[in-house]
Amino acid sequence: MPIPEILKDQLSIPAVAAPLFIISNPNLVMAQCKAGVVGSFPALNARPAEQLDEWLAEITEGLADYKSKNPDKKVAPFAVNQIVHTSNNRLEHDLKMCVKYKVPIVITSLGAVPEVNDAVHSYGGIVLHDIINNRHANSAIRKGADGLIAVAAGAGGHAGTLSPFALIQEIREWFDGPLLLSGSIATGGAILAAQAMGADMAYIGSPFIATDEARASDEYKQAIADYSAKDIVYTNLFTGIHGNYLKPSIEKAGMDPDNLPESDPSAMNFASGSNTDAKAWKDIWGCGQGIGAVKSVVPTRELVERLTDEYEEARFRVLGA
């Protein structure tokens, strides 16, 4: 199955680090890319909007300088996540910044818009669109996305409900382009398993919260290391879209995680709002079910090295190579 030309021979492992709302920042993105995985961040993390120009300059120049000084190392390209839902009133501005800096990869969420895809293609970038079902996958490709991110059950944040086996199987019946899998991927063995199912690459989020470079509170980082799958709640209360969150953060906000009401999606600003006084992502911590594999808070490079070692061990165990 095809790997986009922009990614060939640039990666330590076949993985993209997912954009983490509030948490991803230039330091984390550059650390991820320097370690050999695609680093990414949501455009909305740069606030005010003018800061996005500064962030893109910092990342672009920082990675170019590192690559020139370390020609023997694999340095992955970076990605910017754009929320294309109509509630995002920054989309036009943020997309112009991506065009200005020729962002190699744009990850689109909450809608598929041909004009966004055309803008990225105008300078040679690629668009990966995240989806939770086969219908959305078809729509994204018809509207010009280059590849898909299948967000399966167990993923952090706005996760789907379908088994990764079912979701990948259905997509591969008709799509032979770039396909990433998201959902509880926190070990090198899981990366290999994603490929065995038919995905080209893994899409990894929650483990990167528990890294030194992540812009998360120490309490949040330690919670990723301390808790496991049983401590995750799936609810649409906080953003209007169903997602996975850590129970302890819900309890700390004074709510019963086992008895949460349903939210009205029509009342939600998907780009940044919340349907409760406790703010999603800031007070209510997004998290995937794979965190049981995370045992401590470490530098990003150390996390990627662990994943790489586990991936190679799994390849040898399963494939003998």
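Both Tyr-220 and Trp-285 are buried in this predicted model. These two residues form a stacked aromatic pair, with ring centres 4.8 Å apart and 10° between the planes. The pair links distant parts of the chain, 65 residues apart: Tyr-220 lies in helix H8 (residues 218–226), whereas Trp-285 lies in the loop between helix H9 (247–252) and helix H10 (300–319).

The structure holds 4 aromatic pairs. Another of them joins Phe-41 and Trp-55 in an edge-to-face arrangement. Here too, distant parts of the chain are linked: Phe-41 belongs to strand S2 (residues 39–42) and Trp-55 to helix H2 (residues 51–69), 14 residues apart. Both Phe-41 and Trp-55 are buried. A pair of aromatic rings is described by the distance of the centres and the angle of the planes, and these values are set out below for the two pairs.

| Aromatic pair | Arrangement | Centre to centre | Between the planes |
|---|---|---|---|
| Tyr-220 and Trp-285 | stacked | 4.8 Å | 10° |
| Phe-41 and Trp-55 | edge-to-face | 5.5 Å | 65° |

**The sheet**

Strand S2, which carries Phe-41, belongs to an open sheet of 8 strands in the order S1-S8-S7-S6-S5-S4-S3-S2, with parallel pairing. S1 and S2 are the edge strands, each of which pairs on one side only. On average, neighbouring strands of this sheet are turned by 25° against each other, direction ignored.

Strand S4 (residues 105–109) and strand S5 (residues 126–131) run parallel and are joined by 4 bridges. Within this pairing, Ile-105 has Ile-126 of S5 as its bridge partner. Helix H4 (residues 114–121) packs on the sheet and touches both S4 and S5; the direction of H4 makes about 145° with that of S5.

Strand S1 (residues 15–17) pairs with S8 in the parallel sense over 3 bridges, and Val-16 has Tyr-203 as its bridge partner in S8. Strand S7 (residues 179–182) also runs parallel to S8 and is joined to S8 by 3 bridges. In that case the bridge partner of Leu-180 is Met-201 of S8.

**Helix H7**

S7, helix H7 (residues 188–197) and S8 make a right-handed β-α-β unit. The buried residues of H7 include Gly-188, Ala-190, Ile-191, Leu-192 and Ala-194. Among the elements that cover the buried residues of H7 are S7, S8 and H10. Gly-198 follows H7 and has a positive phi, near 125°.

**Helices H1 and H10**

The axes of H1 and H10 come within 9 Å and cross at roughly 35°, and the crossing is right-handed. On the H1 side, the contact is made by Leu-28, Ala-31, Gln-32, Lys-34 and Ala-35; on the H10 side, by Thr-300, Arg-301 and Val-304.

Definitions and conventions:
Residues numbered from 1 in each chain as written. Predicted model: local features only at pLDDT ≥ 70, side-chain atom pairs only at ≥ 80, totals over all residues. Heavy atoms only, no water. Phe/Tyr/Trp six-rings, centres within 6.5 Å; stacked < 30°, edge-to-face > 60°. Helix = DSSP H or I, 4+ residues; strand = E, 2+ residues; numbered from the N terminus. Buried < 20%, exposed > 50% of the residue type's maximum accessible area, 1.4 Å probe, protein only. Pairing = 2+ DSSP bridges. Right-handed = clockwise from strand over helix to strand, strands pointing away. Axes fitted to C-alpha atoms, helices over the stretch in contact; angles between N-to-C directions. Left-handed = near helix turned anticlockwise from the far one by under 90°. Contact = heavy atoms within 4.5 Å.
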